[in-house]
Amino acid sequence: MSAVVSLANVHKSFGSVEVLKGVTFDVGPGEVAAVIGASGSGKSTALRCINALETINSGEIVVCGHKVHDHTLEKRALRRDVGIVFQSYNLFPHLTVAQNIMLAPMSVKRMSKADARALAESVLARVGLAEKADNYPEQLSGGQQQRVAIARSLAMQPKLMLFDEVTSALDPQLTGEVLKVMEDLARGGMSMILVTHEMAFARKVAGKVIFMHHGKVWEVGPGAMLDDPKTPELKAFLNSGL
Amino acid sequence: MSYTFDFGALLPFWPVFLEGAWLTLKLSALATVFGFVLGTLCAIGRADGPQWVRLLVASYVEVIRNTPFLVQIFLVYFGFAMLGLKVSANTAAVAALVVNVGAYTCEIVRAGLESIHKSQVEAAECLGLTRPQIYWHVIVRPAIERVYPALTSQYVLLMLASSITSLISAEELTAVANRIQSETFRSFETYIVTGVIYIGLSFLVRGAFSLFALVIFPRRRKLGTAI
Amino acid sequence: MPLSLTHLEFIAFGALWTVGLSAIAFVGGALVGFLLALARISPSAIVRRTASVYIQIVQGTPLLVTLFLFYFGLALVGFESVPAIMAAGLGLIIYSSAFLAEIWRGCLESVPKPQWEAAECLALTRWQRMTRVILPQAMRIATAPTVGFLVQIVKNTSLASVVGFVELTQAGKIVNNSIFEPFTVFIVVAFFYFIICFPLSVWSRSLERKLNVGRR
């Protein structure tokens, strides 16, 4: 069973600051991996490297068969297989919700407008926002916008979904609706990597929890690991309530 | 001061005034369209092109912004003659207007392009769109919407500046006014009326741009807010 | 017939007149424009409206038409032969005053509201409030766009050639009438305008940058 994502000894520096100091982990098909750690531990950077939003200095990253560490990689081919959702949703403000979702299928997969619209409606129904298809992002709450962002990525039928602290910018009462969508996705067998601060969610949904500390993978284990941390650093992190 | 105003002497010339106004509008409309295309291409070139393109566009913009339009018109007019091309005064006028407004459009659109947040482009890249697709759907369209008021003001100024083309004998409102005042000797009245017509045209052009915005920016039409 | 040194000197002399006319237009326009800007923020609605109407009329009319109006108009009203500099100067002063008024009104209004309130609470008279608190701050904000508008004034003096005033553009036309090399002559003319305007443009932009740094 080959991994969907495998990182091997990845190093990444921004200028003179080394942020990733030899990161190694795997995520298998259908697996949900939660990456946790303090700010500055390198978790968001690692996620961005997986999707080639940052280039690594050394090491290997293979994602869905694409060699991401290869500088000659055709990025668009990689991104057809990987969907990513950002902390600040990044919806296109001048397009309606449906148009936001239809843009990529029509432009990249050359889908007809009618087919794209049907796809948009079905994927919106999956995230529970079918009736908002013709609204503009600014008319939606933060939680709704984030769900639209998830739908937008899902419409391209990726093999892997990445979530970069997607609930961190939301009011607490809105995180629930987003987490529910993510849980449904997980149950449906999607391979997912989520950088998150939601410990309860990670405990419940993640098959693998990866704790990062100072740019390295410090502890890896099943969700239960959070109840029984082995390393003092993870203990300290969990106690600090971050 | 023993001057008696006689606007009545101008009454028979009403159709001539209107024709002049219409010519001004036509000239301005042509120059607006081509100037906008030129300016937008320059703005994209300056934002995203190779070093030599950026330098060329920057020089073009600086030269236009630091020399008078009158001198630019003369250079375009005599430039055509030098190249051996026989063009009508109106064609030269449109060419000069396009070159002039292209530079100002470039600066306005460039500010709009720079206001698009990097994260928008990132999101589009992650959806797999090509660079040209990203430019059109995610960068240029919202940028134009954002700078639309500035563009409108610029094109109203263009319409007013078209009066200068009368000095190379282009056919437009000021040229018409000059002829009328030389026939009637009612210079004061003629130029007052001309001024009033230009003010009216300014309102007309602004109104047209507002209506156009409602057509091409459905978001604005439905929500009534700026991006 | 090529462009000789004498011709260049003549054109350069025209450039000096351009600078002179620009100065007249700026000083005159600044005086009138300042009063207009104050009128635009006056508590009296009539004063505000009148100033507004004046500004809209001047801004909505092409400068060329305004110049013709003054040139021919003054002659008809009884001034027998209007010296070109007077028609040009007056026209440019009217033009500058309207635009400067709008620029400065914007600067006055962008002085933060709390400043106006604080000045009021110190029981200063309106005059004291303006001169001690508001104007100094507004002037700081106004420097960049005012210098930027100076470039516009210089460029617009080219229209004075139409009423026969021998500034830079007219000097070019005169030289061209004797040597018939229009393209060369006007490239030289453009060059002179450029060396007057470009430093002002650069200065205006650097002022703007400094201002934004200070306000972050």
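Predicted model: local features only at pLDDT ≥ 70, side-chain atom pairs only at ≥ 80, totals over all residues.
1. Make-up of chain B. Chain B contains nine helices and zero strands. Along the principal axes, the C-alpha atoms of chain B fill a box of roughly 75 × 50 × 30 Å.

2. Burial and contacts within chain B. The chain has 227 residues, and 44% of them count as buried. If contacts in chain B are limited to residues at least 6 apart in sequence, 76% of these join residues at least 24 apart.

3. Helices H7 and H8 of chain B. H7(B) covers residues 173-184 and H8(B) covers residues 187-216; their axes come within 9 Å and cross at roughly 160°. Angles over 145 degrees count as roughly antiparallel, and H7(B) is therefore roughly antiparallel to H8(B). The crossing of these two helices is right-handed.

4. Residues where H7(B) meets H8(B). On the H7(B) side are B:Leu173, B:Thr174, B:Ala177, B:Ile180, B:Gln181 and B:Thr184. They meet B:Ser187, B:Thr190, B:Tyr191, B:Thr194, B:Ile197 and B:Tyr198 of H8(B). By class, this contact has six nonpolar and six polar residues, with no charged residues.

5. The contact between the chains. Chain B brings 17 residues into contact with 18 residues of chain A. On the chain B side, the elements that give two or more residues are H5(B) (118-126), H6(B) (131-161) and H9(B) (218-223). Of these, H6(B) gives the most, with six residues. The side of chain B that touches chain A has eight nonpolar, five polar and four charged residues.

6. Strands E1 and E4 of chain A. E1(A), residues 5-14, and E4(A), residues 58-63, run antiparallel and are joined by five bridges. One of the pairs to look at is A:Ala8, whose bridge partner in E4(A) is A:Glu60.

7. Strands E4 and E5 of chain A. E4(A) also pairs with E5(A), residues 66-67, in the antiparallel sense, over two bridges. Here A:Val62 stands opposite A:Lys67 of E5(A). The hairpin of E4(A) and E5(A) has two residues between the strands, and A:Cys64 in this hairpin takes a positive phi near 50°.

Terms used. Residues numbered from 1 in each chain as written. Chains lettered and ligands numbered in written order. Contact = placed C-beta atoms within 7 Å. Helix = DSSP H or I, 4+ residues; strand = E, 2+ residues; numbered from the N terminus. Nonpolar A, V, L, I, M, F, W, Y, C, P; charged D, E, K, R; others polar. Axes fitted to C-alpha atoms, helices over the stretch in contact; angles between N-to-C directions. Parallel < 35°, antiparallel > 145°, perpendicular 65-115°, else oblique. Left-handed = near helix turned anticlockwise from the far one by under 90°. Pairing = 2+ DSSP bridges. Buried ≥ 20, exposed ≤ 12 C-beta atoms within 10 Å, placed from the backbone.
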